[in-house]
Amino acid sequence: CAVGGIIGFALVFGGGNAVQWATPDPTQFPPYKGVVPIIMSWFFSPILTGLAAATIFTIVRTAVLRRQNAQHLAFWVLPPAVFITLFINIFFVCKYTPLAMNKFLFWQQGVLILSVYSLVALEHYVK
């Protein structure tokens, strides 16, 4: 919605040249800036996310859910899974958001991640 509105406004206001469709930029990934990488992400992001989700589900189903004592195994698999999820989320928030861009050193990110994980684990086990 937002991308289409911005493109529409730019087209009405300045014509076809007002929109940066695909400008080569070999220093970035993807190697283009403009509208084309956004449109490509609309296709590749769901495909890659679906593949990752299917892989994780298959691993959990095979290693945990189809075992004899699945409830006991799930109790031990859940904390590392939550830790990995929190690690990935907090890492990218600390690394790539404009407010935190390059302000956190790697060890500071580790301390932050361990702190958040400890609070989540404490809240989970106190109940």
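Helices (H or I, at least four residues) and strands (E, at least two) are DSSP runs, numbered from the N terminus. Axes are lines fitted to C-alpha atoms, for helices over the stretch in contact, and angles run from 0 to 180 degrees between N-to-C directions. The model is predicted, with pLDDT of at least 70 needed for local features and 80 or more for side-chain atom pairs, while totals for chains, interfaces and linings use all residues. Residues are numbered from 1 along each chain as its sequence is written, and side-chain values use heavy atoms, with hydrogens and water left out.

Begin with two helices. Helix H2 covers residues 35–65 and helix H3 covers residues 70–96; their axes are 9 Å apart, and they pack at an angle of about 125°. H2 and H3 are therefore oblique to each other; angles under 35 degrees count as roughly parallel, over 145 as roughly antiparallel, 65 to 115 as roughly perpendicular and the rest as oblique. On the H2 side the contact is made by Ala63, Val64 and Leu65, and on the H3 side by Ala70, Leu73, Ala74 and Val77, where contact means heavy atoms within 4.5 Å. Sorted by type, the residues of this contact are seven nonpolar, no polar and no charged. In this sorting, Ala, Val, Leu, Ile, Met, Phe, Trp, Tyr, Cys and Pro count as nonpolar, Asp, Glu, Lys and Arg as charged, and the others, Gly among them, as polar.

Rings of Phe, Tyr and Trp (its six-membered ring) pair if their centres lie within 6.5 Å; planes under 30 degrees apart count as stacked, over 60 as edge-to-face and the rest as tilted. By this rule there are three aromatic pairs. One of them joins phenylalanine 75 and tryptophan 76, edge-to-face, at 5.5 Å centre to centre with 85° between the planes. Phenylalanine 75 is partly exposed at 42% relative accessibility, and tryptophan 76 is exposed at 55%; buried means under 20% relative accessible area, exposed over 50%, and partly exposed in between (1.4 Å probe, protein chains only). Phenylalanine 83 and phenylalanine 87 form a tilted pair, 6.4 Å centre to centre with 35° between the planes. These two residues are four apart in helix H3 and therefore separated by about one helical turn. Phenylalanine 83 is partly exposed at 27%, as is phenylalanine 87 at 35%.

Next come the charged side chains. Side chains of opposite charge can pair when their charged atoms come close. A salt bridge is a side-chain nitrogen of Lys or Arg within 4 Å of a carboxyl oxygen of Asp or Glu, and the count by this rule is one. Aspartate 25 and lysine 33 form a salt bridge, at 3.6 Å from N to O. Aspartate 25 is buried, at 13% relative accessible area, whereas lysine 33 is partly exposed, at 42%.

Finally, consider the loops. Threonine 27 sits in the loop between strand S1 (23–24) and strand S2 (32–33) and is exposed at 67% relative accessibility. Threonine 27 lies 79 residues from phenylalanine 106 in sequence and 23 Å from it in space, C-alpha to C-alpha. Alanine 18 is in the loop between helix H1 (2–14) and S1, and is partly exposed at 42%. Threonine 97 belongs to the loop between H3 and helix H4 (106–126), and is partly exposed at 27%.
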